[in-house]
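A few backbone details follow at the end.

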Amino acid sequence: MKAFPIKHQNKLATVILFIINLLWFLKFKFHTLMGDDLYTWNVVHNYKEGFLQYTLFETLFGKYRPIYNLIQYFVITTFDMEYRLYFFLNILVNFVAVLIMYRLLLMLTKNAIISFLFSVIFITCRFSYYNILQVYGLMEAVALILFLLMLFISILFYKNSSKINIFLILLIETLMVFTHERYIVVVPFLLILFFLTLSKPKRIYTVIPLVPVILNFAIKKIVVNTSFLEGTGGASISFDIAKISIFLICGLLNMVGINVGAPYLNGINFTQESTITQILSVIILLINLLLLVFLIKQSKGSLENKKKLIVVGIALILILSLLLAASITIRQEYRWLFAPYAVFLLVTAFVFQQLKIVQSIKYVLIVLLCVIVFRNDMYYKLYLDRVYFIDALKIADSTYDATIKKYGSNIKNSKIYIEKDPSLVWTLQNDLFFKVNADEPNLKTNFVDNLSEIDLSQESLLLLKFNNLTRQMEDVTNEFVLDPKDRGPQIILPEEWATPDKGYTKTTVYGQTLYYKVVRKVYKNNSISMLRLDNDTVLSLSQNVVDNASLGNLEPNKFAYYSIDSETGFLWISVPTDSKINWKAEIQRGN
């Protein structure tokens, strides 16, 4: 990039970052709203009190977030149920955060290469996926953008403590805490920044960062009557020191490359990773520790170096504050680690730039660190299906495909029964998923313990079962209810039996000749019987034949059946070698 003027470097970096930001997330093909996004869509869609009431006074999930309410209302009423529109909007908004991150890095390092590399791993980090894949990710992204803007102005304020910068910080902080209350934890950072930056006569302004928090508390208690802090999933905020300490340690380890936490939150834990990934994670940790050692060693010199150590120290306080906010509820979600990780990347890049070592060694370390982090990010991406909200998106898509997409408007007349599974509760929001997607508010969905126990004589049944192995919803109606085409006896004429082609067994171990017929699939919960109409002999179903390889085991006076594909199956009989089939057979299916 040194071959180009700085202006061209930044333009080129911007274009490449845009492409990387798009391509990194483009592989996700989800298309259905679910979970909290579905619930909120329904609230907004049916909200009778109007836009202003929703924006200023609504407290969904016990959270008061008027800035996000404003954005959310317009986005949902514009995009409706079109998940892909939310998805691409989130990618675009994430790019705004990437651009601010790049500018922050440039401000701290004055180096386009370092800024570009660290911006890339900001895009690919494992903490970003919620922001992209959930409608509520927009809330996280907007709050993150405001946070990064606050850091940008804070750096300007550190260099020039003008009143305009003070009030810009106040404005951004206010918008931020009314977008997401988690960011009230920036107050210690701002108090220290103001105290160290302002001269004694101006230190009265040090209390300014407290104003948005006091305002937030007052409105919640006096106006909207909700709790000041509410944990995730409706859980109360916990001040269990032991649990908070564990979460803080986990958060710190995640900052320096060690992927720790519950797999349903992070995809794969450090102990489950491949050996090479574990080794590379430890190398990331060691490089970060090495940077810290170098920084401390250099701080023993001039006053300027000690000031740089103080700056890093303030940044570490901010990281710890943000990690604390991510550690006081029932779990530590990765989306809450995105902001502290952004600060961590800024500090790392800043420290690299300050290192007084041979330039070539410095750049080798930077490239090594970024390449390893990027490689590990690609590895973690392989295990995202295990993360709860991505798993839920997969379930929602398969449910939509097995029902709304398959049956269209006819589903409105269906009696829907679903076998209960814990994975479906939050994802489908009980029967809301079908009411919204079928556009039928009165459509009832019945969740039952066992599909076998329902009355199968009902008309227009639609039976669904969640497959825990594939993590997909399956339409199992045909496994329980006979297709009208299969009801009643079916006659097989002698000429309908065929001899097997080359590659199939032609005779049994009992010396009899094999014949087959292709029939509609028999599902595992249906029975099938066969009757010879010439002598009223009932042929029983063989248990010895389950596929082509076991055909030779078909016993005399028995028949065999096994599936070919999702629609058809083979029916087999055997007769003495010197005989021909000159009799009719009757097959009967039943539940």
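Tyr 64 is buried, and Phe 178 is buried too. This is a predicted model. The count of aromatic pairs in it comes to 36. In one of them, the ring centres of Tyr 64 and Phe 178 lie 6.2 Å apart and the planes stand at 90 degrees, so this pair is edge-to-face.

Tyr 516 and Phe 570 form another edge-to-face aromatic pair. Here the distance is 5.4 Å centre to centre, and the planes are 85 degrees apart. Both partners come from strands: Tyr 516 from strand 6 (residues 512-520) and Phe 570 from strand 10 (residues 568-576). They are 54 residues apart, and the pair again links distant parts of the chain. Tyr 516 is buried, and so is Phe 570.

Rings also join into a cluster. Ring pairs link Tyr 47, Phe 51, Tyr 54, Tyr 73 and Phe 74.

Phe 178 has a further neighbour to note. Pro 66 is in contact with Phe 178 and Thr 55, leaving aside neighbours within four places in sequence. Pro 66 lies in helix 4. Is Pro 66 buried or exposed? Its relative accessible area is 10%, so Pro 66 is buried. Pro 66 and Val 425 are 359 residues apart along the chain, and their C-alpha atoms are separated by 28 Å.

**Helix packing**

Two packed helices are described by the angle between their axes and the distance between the axes.

| Helix pair | Angle between axes | Axis distance |
|---|---|---|
| Helix 5 (residues 83-109) and helix 8 (residues 137-159) | about 15 degrees | 10 Å |
| Helix 16 (residues 338-354) and helix 17 (residues 359-381) | about 160 degrees | 10 Å |
| Helix 1 (residues 6-26) and helix 6 | roughly 15 degrees | within 10 Å |

Take helix 5 and helix 8, which pack at an angle of about 15 degrees. That angle makes helix 5 roughly parallel to helix 8. Their crossing is left-handed. On the helix 5 side, the contact is made by Leu 89, Asn 90, Val 93, Val 96, Ala 97, Ile 100, Met 101, Arg 103, Leu 104, Met 107 and Leu 108. Helix 8 brings Leu 138, Ala 141, Leu 144, Ile 145, Leu 148, Leu 149, Leu 151, Phe 152, Ile 155, Leu 156 and Lys 159. By class, this contact of helix 5 with helix 8 has 19 nonpolar, 1 polar and 2 charged residues.

Helix 16 and helix 17 pack at about 160 degrees. This makes helix 16 roughly antiparallel to helix 17. Helix 16 makes the contact with Tyr 341, Thr 348, Phe 352 and Gln 353. Helix 17 uses Lys 362, Leu 365, Ile 366, Leu 369 and Val 373. What classes do the residues of the contact of helix 16 with helix 17 divide into? There are 6 nonpolar, 2 polar and 1 charged.

The axes of helix 1 and helix 6 cross at roughly 15 degrees. Helix 1 is therefore roughly parallel to helix 6. The crossing of helix 1 with helix 6 is right-handed. Helix 1 makes the contact through Gln 9, Ala 13, Ile 16, Leu 17, Ile 20, Asn 21, Trp 24 and Phe 25. From helix 6 come Ala 112, Phe 116, Ser 119, Val 120, Ile 123 and Thr 124. This contact of helix 1 with helix 6 has 10 nonpolar and 4 polar residues, and no charged residues.

**Positive phi**

Lys 110 is a residue other than glycine with a positive phi, near 55 degrees. Lys 110 is placed in the loop between helix 5 and helix 6 (112-124). Its relative accessible area is 67%, so Lys 110 is exposed.

Ser 460 is not a glycine either, yet its phi is positive, at about 55 degrees. Ser 460 lies in the loop between strand 2 (445-448) and strand 3 (461-467). With a relative accessible area of 41%, Ser 460 is partly exposed.

Note on methods: Residues numbered from 1 in each chain as written. Predicted model: local features only at pLDDT ≥ 70, side-chain atom pairs only at ≥ 80, totals over all residues. Heavy atoms only, no water. Axes fitted to C-alpha atoms, helices over the stretch in contact; angles between N-to-C directions. Helix = DSSP H or I, 4+ residues; strand = E, 2+ residues; numbered from the N terminus. Parallel < 35°, antiparallel > 145°, perpendicular 65-115°, else oblique. Left-handed = near helix turned anticlockwise from the far one by under 90°. Contact = heavy atoms within 4.5 Å. Nonpolar A, V, L, I, M, F, W, Y, C, P; charged D, E, K, R; others polar. Phe/Tyr/Trp six-rings, centres within 6.5 Å; stacked < 30°, edge-to-face > 60°. Buried < 20%, exposed > 50% of the residue type's maximum accessible area, 1.4 Å probe, protein only.
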